[in-house]
Amino acid sequence: MFEYIAAFLATLGINPAQLFAGLAGAFVRTVIQKQPLTWAVLATSVVGALCAIYLTPIIGLWLGLNLSVLAVNNALSFGIGLVGMSLAEGLVTLAHNWSRNPRLMRSMDAKGIADAVNDHAHTAQMKKPEGSNGDAPE
């Protein structure tokens, strides 16, 4: 039975090990936060698992990890599942903030993203109207 489920997931491009490790991480997050079981909590677990499925390969690549080693793959997937909802919220906030003042990345890597975001933060700080930080205008 499990072989059929794993084969079905594989045809969808989903690594079953990443799915289950991500779900386990998301479940641990729920237990640690001592939240009652609700639909929102279940949705958070699904988001954690989805983050593990789709972010594990790219984060593993960025970190230079050998994801063909099952223990490494599972550990990274578990960790991403654990913090997946926070990652998703952070990425949505980052995209929302960037969309207000889009900047081109200087390079297609983490440093390029950071530079574009930092340029945005610097530009947004410079555009603040006078007195918006609580100080009286001079």
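**Helix crossing and pocket lining**

Analyst: In this predicted model, the crossing of α3 past α4 is right-handed. The contact is formed on the α3 side by Thr44, Val47, Gly48, Cys51, Ala52, Leu55, Thr56, Ile59 and Gly60. On the α4 side, the residues are Asn73, Leu76, Ser77, Ile80, Gly81, Gly84, Met85, Leu87 and Ala88.

User: Which classes of residue make up the contact of α3 with α4?

Analyst: Gly counts as polar in this scheme. The contact of α3 with α4 comprises 10 nonpolar, eight polar and no charged residues.

User: At what angle do the axes of α3 and α4 cross, and how is the pair then described?

Analyst: Angles of 65 to 115 degrees count as roughly perpendicular and those over 145 as roughly antiparallel. Here the two axes cross at roughly 125° and come within 7 Å; α3 and α4 are therefore oblique to each other.

User: What is the volume of the largest pocket, and which residues are closest to its centre?

Analyst: The volume of the largest pocket is about 340 Å³. Its lining has 14 residues, of which Trp62, Leu91, Leu94, Ile113 and Val117 are the closest to the centre.

How values were computed
Residues are numbered from 1 along each chain as its sequence is written. This is a predicted model: local features need pLDDT of at least 70, side-chain atom pairs count only at pLDDT 80 or more; totals for chains, interfaces and linings use all residues. Side-chain values use heavy atoms; hydrogens and water are left out. On a 1 Å grid over the protein atoms alone, a cavity is a set of points where a 1.4 Å probe fits but cannot get out, and a pocket is an open set with protein on both sides within 12 Å along at least five of seven lines; lining residues have an atom within 4 Å of a point. Grid points are joined across faces, edges and corners, and a volume is the space filled by probe spheres set on the points. Axes are lines fitted to C-alpha atoms, for helices over the stretch in contact, and angles run from 0 to 180 degrees between N-to-C directions. Helices (H or I, at least four residues) and strands (E, at least two) are DSSP runs, numbered from the N terminus. Angles under 35 degrees count as roughly parallel, over 145 as roughly antiparallel, 65 to 115 as roughly perpendicular and the rest as oblique. A crossing is left-handed if the near helix is turned anticlockwise from the far one by less than a right angle, and right-handed if clockwise. Contact means heavy atoms within 4.5 Å.
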